[in-house]
Amino acid sequence: MMKIWTVTFNDGGWHSSSLPNITVVAESSDKAKEKALDENPRYKQGYDVWVSEFKIDGYVIEVYDEKTYNREKNLEKLV
C-alpha cells in the first residue's frame, strides 16, 4: 500500500522557519528517500535526510494511483 511521506533535508544552512522538505508518495520510507533524492540531487552530497510518515490523528489515509482507484470505483458500480 502506498503512503504519504515527508522527507526532510538538513543542508547545514540557517533557516528561519523549518528545514527544507518535500512530500512523496511511496510504498516504504526507503523508497520515499530514494525518490526524494532523485528529485533533489543536490542533497545527495552527505546531507542528513530523514523520513516520517504523514498522519492525521483520527483519520485513515489511503493512497491509490489514479488507474487503480478508477478501476476499483468502476468495479463497485458494477456490483
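Two residues are in contact here when their heavy atoms lie within 4.5 Å. Keep in mind that this is a predicted model. With that in hand, look at Val24: leaving out residues up to four places away in sequence, Val24 touches Lys3, Ile4, Trp5, Val7, Ala32, Lys35 and Ala36.

Val24 also belongs to the largest nonpolar core, a set of eleven residues. In soluble globular proteins, nonpolar side chains tend to be buried together.

Phe54, Ile56, Tyr59 and Ile61 make a nonpolar surface patch of about 400 Å². Ile56 counts as partly exposed because its relative accessibility is 39%.

Now for the charged pairs: how many salt bridges does a search of the whole structure find? There are three. Glu53 and Lys3 meet through their side chains at 3.8 Å, N to O. This pair links distant parts of the chain, with Glu53 in strand β3 and Lys3 in strand β1, 50 residues apart. Lys44 pairs with Asp38, their closest N and O atoms being 3.6 Å apart; Asp38 is exposed, at 55% relative accessible area. Finally, Glu76 forms a salt bridge with Lys73, and both lie in helix α2, three residues apart, about one turn of the helix.

Technical notes:
Residues numbered from 1 in each chain as written. Predicted model: local features only at pLDDT ≥ 70, side-chain atom pairs only at ≥ 80, totals over all residues. Heavy atoms only, no water. Core = buried A, V, L, I, M, F, W, Y, C linked by side-chain atoms within 4.5 Å. Buried < 20%, exposed > 50% of the residue type's maximum accessible area, 1.4 Å probe, protein only. Patch = residues over 30% accessible without salt bridge, like charges linked within 9 Å, V, L, I, M, F, W, Y side chains within 5 Å. Areas by Shrake-Rupley, 256 points an atom, 1.4 Å probe, with all protein chains shown as cover. Salt bridge = Lys/Arg side-chain N within 4 Å of Asp/Glu carboxyl O. Helix = DSSP H or I, 4+ residues; strand = E, 2+ residues; numbered from the N terminus.
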